[in-house]
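Hello,

Here is the structure I promised to pass on to you. Have a look at it first, and then read my notes below.

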Amino acid sequence: MTKTRIALVGLGMAVTPHARGLLDLAGEIEVVRAFSPSAARRQAFAARFPFPLCDRLETILEDPEIEAVAVLTPANTHAEIALRCAAAGKHVLMEKPLEIATDRAEALVAGCREAGVTLGVVLQHRFRPAGMRLAQILAEGRLGRIVGCSTTIRLWRPQDYYDEPGRGSFARDGGGVLISQGIHTLDLMLSLAGPVAAVTGFATTTPVHRMETEDMVCAALRFANGAIGTVEASTAAYPGFHEEILLTCERGTAQLRGGELLVQFHDGLQERVQVPIAAGGAG
């Protein structure tokens, strides 16, 4: 089987799970280059992973054998890097979020579409076994219509997490708990309950953190399908807890908590999925 040849751009905090996964996929994927402009990050990466390094993005763009690029850099660099990759004919897998503002994200999507390359974004919570099983149950109609959806994202990040230059700023991250941490659970919620038609809410920066963007949000939602619900998200909830989505439906209730699913039907039947995962709440 011919291997897919890819490159990594960005060797910071986000790269480790990608690199480990790519080692597991060594029979299908060949990592041709791993790039960072930082010599220190290249050196630290090389001590842990056996992938060839480069010190120029152009080395990746000019290599016709590289088919795709995983962009693992800060959000405010995504559009520039992805559009250069697209112009060079490379497919792009982007770490979340797409960009720091809607207009920049739309330009990124449009540019990849115009170049004829595939653009993906890493939102892996959809692929947890519990979430996939709930999506199947909903698609089969066993729970009936969704009438309510409550989502809680109670995470903990210590102050030194936000002391890293740029973290928790609008300029680099585009926002706080919603776009940086809560985005995974929000994406899973939307994939299950559908799009939101109306929202009203509050966002604040609590005294727990010194940061520019929000670390606590509460919102009320009306979904396009008529369901109503709430979202509570925070990185100030010590010591951090599993994210939770509770769906109230015509024929029962479904509770997703971390890697666990409990579905309770009105007729007394229950279904459980229990796949232990490390709590994401502690950072």
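C218 is in no disulfide either, as its nearest cysteine sulfur, in C149, is 15 Å away. C54 is buried at 7% relative accessible area, while C218 is partly exposed at 37%. (Buried means under 20% relative accessible area, exposed over 50%, and partly exposed in between, with a 1.4 Å probe and protein chains only.)

Before you go further, please keep in mind that this is a predicted model, where local features need pLDDT of at least 70 and side-chain atom pairs count only at pLDDT 80 or more, while totals for chains, interfaces and linings use all residues. Residues are numbered from 1 along each chain as its sequence is written, and side-chain values use heavy atoms, with hydrogens and water left out.

**The open sheet and its helices**

Helices (H or I, at least four residues) and strands (E, at least two) are DSSP runs numbered from the N terminus, and two strands pair if DSSP finds at least two bridges between them. An open sheet of 6 strands runs in the order β3-β2-β1-β4-β5-β6, with parallel pairing. At its edges stand β3 (53-54) and β6 (119-122), each with a single partner strand, so one side of each has no neighbour in the sheet. β5 and β6 are joined in parallel by 4 bridges, and V92 stands opposite L119 in β6.

Helix α1 (residues 15-24) lies across β1, β2 (29-35), β5 and β6, at about 160° to β1. α4 lies across β1, β4 and β5, at about 165° to β5. (Axes are lines fitted to C-alpha atoms, for helices over the stretch in contact, and angles run from 0 to 180 degrees between N-to-C directions; contact means heavy atoms within 4.5 Å.) In α4 (residues 78-87), the buried residues are H78, A79, I81, A82, C85 and A86. Their cover includes β1 (4-9), α3 (57-61), β4 (68-71), β5 (91-95) and α5 (102-115). Just after α4, G89 has a positive phi of about 80°.

**The annotated domain and the cores**

The unreviewed UniProt entry places "domain: GFO/IDH/MocA-like oxidoreductase" at residues 133-254; UniProt positions follow the numbering used here, feature names are shortened, and annotations may be inferred rather than shown by experiment. That stretch is 22% helix and 34% strand, with its end C-alpha atoms 11 Å apart.

A nonpolar core is a set of buried Ala, Val, Leu, Ile, Met, Phe, Trp, Tyr and Cys residues joined through side-chain atoms within 4.5 Å. The largest one has 31 residues, and L134, L138, L143, M189, L247, L256 and L261 have the most contacts inside it. α9 gives the most to this core, with 5 residues. A second, separate core of 21 residues includes C54, V69, L108 and V117.

**Around β10**

β10 is joined to β7 by 7 bridges in parallel and to β9 by 7 bridges in antiparallel fashion. E232 in β10 is the bridge partner of T152 and also of C218. T152, in strand β7, is buried at 13% relative accessible area. β9 and β10 form a hairpin with 4 residues between them, and G226 in the turn has a positive phi of about 100°.

Enjoy exploring!

Terms used: A disulfide is a pair of cysteine sulfur atoms within 2.5 Å.
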